[in-house]
Amino acid sequence: MANGTKQITTSDIRKKKEAGIPITMMTAYDFPSAKLVEEAGVDMILVGDSLGMVVLGYDSTIPVTMEDMVHHTKAVTRAAKRAFVVADLPFLSYHGTVEEGVKNAGRLMQEGLAKAVKMEGGQELAPLVTRCVQAGIPVVGHIGLTPQSVHQLGGYKVQGRDLEQAQRLLEDALALQAAGIFAIVLECVPEEVTGMIAKKLDIPVIGIGAGVTCDGQVLVFHDVVGYASSITPKFVKRYADIGETIREAVAGYAQDVEKRSFPAPEHVFRASEETIKQLYGEGVATK
Ligand SMILES: Nc1nc(=O)c2c([nH]1)NC[C@@H]1CN(c3ccc(C(=O)N[C@@H](CCC(=O)O)C(=O)O)cc3)CN21
Ligand SMILES: CC(C)C(=O)C(=O)O
Ligand SMILES: [Mg+2]
C-alpha cells in the first residue's frame, strides 16, 4: 500500500500453517473495534453474522440480512489496513441458485470491500465454492456447530462427538478443500476430532471451541473484552471487563451532570468581552 502498511494475504495465512505459527482471528463489527483489533496485531478480522446477536440484539443469527452484513463490513474495512477481513454470508443468502450465492458473495467484496467470504455448511456447498473461487472470491468454510442451523441442531451444542459425525466432518472439510476454500472454521468440536481434521487438511483450520490442536483461533470481540456479551460459552476466555469500565464512566458522567459539576470551566466556550458587555451591560460579570 501507498502508506507502507503490508496487507495480509491468503498466502501469508497458508504459510503460517506450514510454519506452524498459529493464526489469530477475531470478530469486529464496526470501525472503532476493527481499528483496535488491527492495532493489537490480529491477522484476520471476521465480520461475523454473530453481529445479529452481539450488536443488534437478536436471539440468533437467523434474522441477519445481506444489507446488515454489507453495512457492517463497510465500516470494518474502512479501519482495517493490514488485517485480512472475512465477511459471513448470512442465513439463506447462499442456498438458492449458485448464481445468487455468487452475487451475494460478490456484494460483500464489491460493496463491503471484504477480502473473502465465509459460509456455513459441508460438501453440499462445493459447487458454490468452486464458482466463487472461479470468480476471484476467496472462501472460508465453516463446519461443526453452524449457528444458522441452530433450530435443526436443537441448540448451540458440541458437534462431532461420535465416530460417524467426526468422519462426516472430515469428509465435509476435504470436499470443501477440494472445491477451493483457503481456510476453514471448526466450531464447537471435541479437540481430538479437531486435531485429526487439522492434520488431514492442507489448508488452515481455525477453531472456536475446538481446542488447541488446530492452526488458529477465532473468538467474538465482545466476549474477549467483556463488552455486554450475553452468552458465555465454555470456550470463551474473557481478558478484560470493559463493560464494567464503561458502566462506571457513564454513571460518573450522569452524576456530574446531576450535580452540575460537568461541564467544568475547561469544557466551556466563552464569548468575547465585547459581546459579554453587549449581552449583559457594563460591569456584568459572567456567571
Ligand atoms: N457472543 C457470541 N459469541 C459466540 O461465540 C457466538 C455468538 N455470540 N453468536 C453466534 C454463535 C453462537 N455460539 C455459541 C453459543 C452458545 C454456545 C454454548 O452455550 N455451548 C455450550 C455447549 C453445550 C454442549 O455441551 O453441547 C457450552 O457450554 O459452551 C456455543 C456457541 C457461538 N457464536
Ligand atoms: C463465531 C464465528 C466463527 C462466526 O461465524 C461469527 O462470529 O459469526
Ligand atoms: Mg457466523
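Which helices each supply at least two residues of the shell around ligand 1? Helix H3 (51–54) and helix H10 (221–225) do; helices here are DSSP runs of H or I with at least four residues, numbered from the N terminus.

Some housekeeping. This is a predicted model, in which local features need pLDDT of at least 70 and side-chain atom pairs count only at pLDDT 80 or more, while totals for chains, interfaces and linings use all residues. Residues are numbered from 1 along each chain as its sequence is written, and chains are lettered from A and ligands numbered from 1 in the order in which they are written.

Back to ligand 1. It is surrounded by 18 residues, the closest being Tyr 156, Lys 157, Val 220, Pro 233 and Lys 234. A residue counts as near if its C-beta atom, placed from the backbone, lies within 6 Å of the molecule. By class, this shell has 11 nonpolar, four polar and three charged residues. Nonpolar means Ala, Val, Leu, Ile, Met, Phe, Trp, Tyr, Cys and Pro; charged means Asp, Glu, Lys and Arg; the others, Gly among them, are polar.

Ligand 2 has five nonpolar, four polar and three charged residues around it. Among them are Asp 49, Asp 88, His 142, Glu 187 and Val 220.

Last, a helix pair. The axes of H6 (residues 126–134) and H8 (residues 163–179) come within 8 Å and cross at roughly 25 degrees, with axes fitted to C-alpha atoms over the stretch in contact and angles running from 0 to 180 degrees between N-to-C directions. H6 is therefore roughly parallel to H8, the term for angles under 35 degrees. Ala 126, Val 129 and Thr 130 of H6 meet Ala 175, Leu 176 and Ala 179 of H8, contact being C-beta atoms, placed from the backbone, within 7 Å.

Definitions and conventions:
Angles under 35 degrees count as roughly parallel, over 145 as roughly antiparallel, 65 to 115 as roughly perpendicular and the rest as oblique. Two residues are in contact if their C-beta atoms, placed from the backbone, lie within 7 Å.
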